[in-house]
Amino acid sequence: MTLELLEGSEAIAASAIAAGCRFFAGYPMSPFTGLLENMSRQLPLAGGVCLNAESEIEGVNMTLGAAAAGARAATGSCGQGIALMQEAIAEAALNETPFVVFNMARNQQDYFQATRGGGWGDYRTITLAPKDVPEAVEHVQLAFHLADKHRAPVIFYGDPLLAQTRIGVSVRPLDFGPLPPKDWALDGTGGGTGGSRQVWTWAMGKATDPGPGPDRHWRAIAEKFAAIDAIESRSEQAHVEDAETLVVAFGSAAKFVEYVVEELRADGHRIGWFRPVTLWPFPGEALAAATADVRRVLVFELNAGQMLDDVRIHAADRSAVRFIGGVSIAESGLAYGELMDAPVIRDRIRTALSEGGRS
Amino acid sequence: MTVIDTSQPPSEPARRVADFRPSLLLGEHSLCPGCGEPVALRVLLEVLQELDIVQRTIGVVGHGCYGSFVRIMDVDVLQCLHGRAPACATGIKRVRPDCAVFTMQGDGDMANEGLQEVLHAAARGEKITCVLLNNGVFGDTGGQLTAATVLGQRTKTSLEGRDAETHGYPIPVADLVAGLRGAAYVARGAVSTAGGVAQTKRMLRRAFETQLAGAGFSLVEILTMCPTGWFVPAPEGPGYLGDSMEQAYPLGELTTWRH
Amino acid sequence: MERELVVTGVGGQGIQLLAKTLALAATREGRHAMLSADYGGEMRGGPSKASVVIGDRPLRALPVLASAWSAIVAHHRFSEPALARLRPGGPAILNLPLVDPASLPAMTVYGVDAAAVAKSVEAPQAIGFVLLGAYNAVTRLVDPASLVAAMQELLPPYRRQHAAANARALAAGAAALDVPGADLTEVSR
């Protein structure tokens with residue numbers, strides 16, 4: 001396996017193209033810009049189209065159109081721009097258009113945005129949060145797979161470290177198994193046959209072939225997301241067997257936590273870590289099991305406490321949950337601040353260890 | 001010369017114009033009596049059939065009364081968010097360049113919610129056809145002021161009539177689009193008279209021909225009657241349109257492209 | 001074994017290019033490499049910092065290094081945070097006279113007047129490559145030929161004319177170390 005030294009944005013773009021992505025539209029915004037630039041360079045070489053959209057709103061709606069026409073398509077931004085896309089992401093969830101949204105976020109403050117959404121209606125967005133570039137390469141292709149599998153938009157939650165770190169990686173097409181045919185996609189051939197297709201949030205159907213309509217359609221959508229919740233959550237954990245303390249973190253922060261936990265174990269501490277790989281569906285059952293016998297559940301995230309809510313919902317004993325993260329932004333406003341650092345995290349964990357936990 | 005034999009009763013009973021509906025029309029529309037939008041839909045579908053592109057056409061429909069046409073047009077359709085049809089159509093066209101892609105939007109959809117979408121698509125020279133059904137009011141929500149409402153027009157949010165001091169001036173979408181280099185065909189028609197319907201149909205045909213030739217962006221603004229939203233009796237709609245909207249929005253081709 | 005290098009200096013010294021060259025050379029040798037860059041908006045004069053990690057297996061190191069084995073210090077300005085992360089005893093290449101060896105009391109320090117060495121081989125713009133050549137002569141992290149190949153691969157077409165001078169700078173940096181007392185000063189404590 002030959003490794004190529006690729007910047008995260010470059011590797012993510014290459015992986016999207018390896019996954020068959022043939023349409024991309026985005027609006028520059030750091031640290032998403034690198035992905036847009038790489039797509040604009042690489043996608044035409046693969047026979048695809050990359051547009052520097054005039055706005056995030058147009059970018060996401062172009063992507064929705066391309067996806068409705070059956071292409072593997074993606075858009076992206078960072079949290080601020082994703083905020084503008086919420087209406088279309090909700091629409092795509094409700095009219096069942098699969099595409100991938102790359103949130104190359106500036107920090108971890110978009111957890112609520114990703115997992116709760118800001119659009120209208122009963123919908124969820126599958127959200128993958130890789131911890132490093134090699135995993136990001138895999139998650140990109142998994143994101144396209146899950147989108148097509150469930151006919152739903154999927155969010156890839158990246159960050160400045162994933163976007164800008166250069167690392168030796170190998171980007172190849174990955175096979176996640178068979179997918180249903182896109183017989184719903186608009187290709188124009190339905191016209192005049194009496195069986196023309198429609199992609200429609202209200203699912204009213206045709207005069208000659210009525211659809212379920214909003215009531216039945218939206219109930220079916222809600223059931224679909226409940227089913228996804230039951231089968232698609234993913235998580236990783238280590239040292240849960242003997243841990244008195246479990247540290248929960250996602251994305252890059254989880255990689256830092258894993259590093260620090262291993263050091264602390266070498267120092268003799270009975271500590272483990274737990275990482276939600278999917279932020280939605282949140283791996284609640286796995287977390288409940290992992291926290292059954294621990295004294296402390298420490299939540300580390302670079303925000304004011306967002307995943308914290310989900311940990312409190314699912315931890316075996318919510319009184320054991322402590323928040324050790326916080327808001328931490330670089331001077332530039334574009335990247336993580338000083339909190340995303342192993343020595344700082346070690347200090348915070350050690351302080352928490354010196355405090356009591358549940359008995 | 002055919003001479004009609006009047007010595008006997010006709011062998012077939014007389015038929016209404018509505019009986020000659022194009023086969024792409026799957027059923028009756030549900031809009032108000034006197035509405036101009038079903039007329040526009042009908043000529044649009046006729047053009048698709050005459051150009052023989054029915055089985056490679058994808059429509060993108062915005063939000064307004066015409067949204068219900070999704071149910072009665074036998075064409076592959078994406079029903080999109082308010083104002084975003086040109087962006088969605090862009091994505092479709094870019095991945096299916098062999099398809100004819102059109103949008104159907106009202107003035108509330110195109111001039112209010114999505115003005116930048118249509119302008120950007122036109123400037124990009126996107127090879128799509130945008131159809132603006134302009135009746136100068138929000139018909140679907142019961143007759144409020146849009147960005148295209150003509151001066152003096154009474155609406156539920158301009159009860160004394162639109163005055164420029166309070167509400168500003170109406171936006172002539174076709175004229176804005178015609179000012180952009182990427183627009184290859186721009187025209188404004190009206191379906192308030194028989195001649196206007198025929199002219200509008202020719203405009204739509206040329207717009208699709210422009211798209212199929214890959215010449216660039218095309219837009220047909222169609223003035224349509226909304227007697228309900230205008231608070232006039234249905235039979236007076238066409239005349240009212242001629243006296244009001246047509247005065248503010250002159251009919252004709254603004255940008256033409258020739259082979 | 002993972003080896004970490006922090007490179008610190010100011011914009012315009014070739015910090016990013018030297019770090020990228022080392023990471024690419026290791027990658028082309030079939031090894032695992034990671035490069036993290038950290039520089040301000042200014043092209044010249046602002047802080048410029050990079051870290052490189054090289055190993056024979058998938059890397060455990062974080063993109064923000066918890067600690068580092070070695071350093072190249074091209075300028076004293078802005079260097080303090082990077083130097084605070086160094087593990088005692090590892091090698092550090094210093095750019096003399098801009099960097100005071102006393103600022104790295106716990107490291108095995110090698111000083112090289114990179115500007116003078118670069119000038120002596122008619123490669124005045126290649127200070128970074130002199131430092132990299134010296135660093136690799138001390139650490140032997142990669143084959144010197146790999147550095148030359150990586151440098152050439154990274155040059156954009158409009159800078160191809162610098163390839164020969166850069167190669168001379170890499171070699172001169174290494175030679176400065178191999179010939180004690182020439183341009184390289186080993187500072188012991």
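A: A salt bridge is a side-chain nitrogen of Lys or Arg within 4 Å of a carboxyl oxygen of Asp or Glu. Side chains of opposite charge can pair when their charged atoms come close. This is a predicted model, in which local features need pLDDT of at least 70, side-chain atom pairs count only at pLDDT 80 or more, and totals for chains, interfaces and linings use all residues. Residues are numbered from 1 along each chain as its sequence is written, chains are lettered from A and ligands numbered from 1 in the order in which they are written, and side-chain values use heavy atoms, with hydrogens and water left out.

Start with the pairs of chains. Chain B and chain C have no contact; their closest C-alpha atoms are 31 Å apart.

Now zoom in on A and B. Chain A brings 39 residues to this contact, and chain B brings 34 residues. About 3,100 Å² is buried between chain A and chain B, and carbon and sulfur atoms give 58% of that. Buried area here is the accessible area (1.4 Å probe) that two parts lose on being put together, summed over both. In chain A, the residues that lose the most area to chain B are A:Glu58, A:Asn61 and A:Trp200. Together they make up 16% of what that side buries.

Next come the bonds across this interface. The rule finds two salt bridges between chain A and chain B. A:Arg197 and B:Asp76 meet through their side chains in a salt bridge, at 3.0 Å from N to O.

Which elements of chain A give two or more residues to the side that touches chain B? They are β3 (49-52), α3 (56-68), α4 (79-95), β9 (198-199) and β10 (205-206). Helices (H or I, at least four residues) and strands (E, at least two) are DSSP runs, numbered from the N terminus. α3(A) gives the most to this side, with eight residues. The side of chain A that touches chain B has 16 nonpolar, 16 polar and seven charged residues. Here Ala, Val, Leu, Ile, Met, Phe, Trp, Tyr, Cys and Pro count as nonpolar, Asp, Glu, Lys and Arg as charged, and the others, Gly among them, as polar.

Turn to chains C and A. Here 20 residues of chain C contact 18 residues of chain A. The buried area is about 1,600 Å², with 63% from carbon and sulfur atoms. Again, the rule finds two salt bridges across the interface of chain C and chain A. A:Glu4 and C:Arg28 meet in a salt bridge at 3.4 Å, N to O. Four residue pairs are in polar contact across the interface of chain C and chain A, both at pLDDT 80 or more. On the side of chain C that touches chain A, α1 (15-28) and β2 (32-39) of chain C each supply at least two residues. That side has twelve nonpolar, three polar and five charged residues.

Salt bridges also occur within a chain. Over all chains, the structure holds 37 of them. A:Asp148 pairs with A:Arg72, and their closest N and O atoms are 2.7 Å apart. A:Asp148 lies in helix α6 (residues 133-150) of chain A and A:Arg72 in strand β4 (residues 72-77) of chain A, so the pair ties together parts that are 76 residues apart in sequence.

Two cis bonds deserve a glance. The peptide bond from A:Ser30 to A:Pro31 is cis, with omega near 5°. A:Pro31 sits in the loop between β2 (21-26) and α2 (33-42) of chain A. A:Trp280 and A:Pro281 are also joined by a cis peptide bond, with omega about -5°. A:Pro281 is in the loop between β15 (278-280) and α10 (284-290) of chain A. Most residues other than glycine have a negative phi, and most peptide bonds are trans.

Definitions and conventions: Contact means heavy atoms within 4.5 Å. A polar contact is a pair of N or O atoms within 3.5 Å; within protein, one must be able to donate a hydrogen and the other to accept it, and residues adjacent in sequence count only if both atoms are side-chain atoms.
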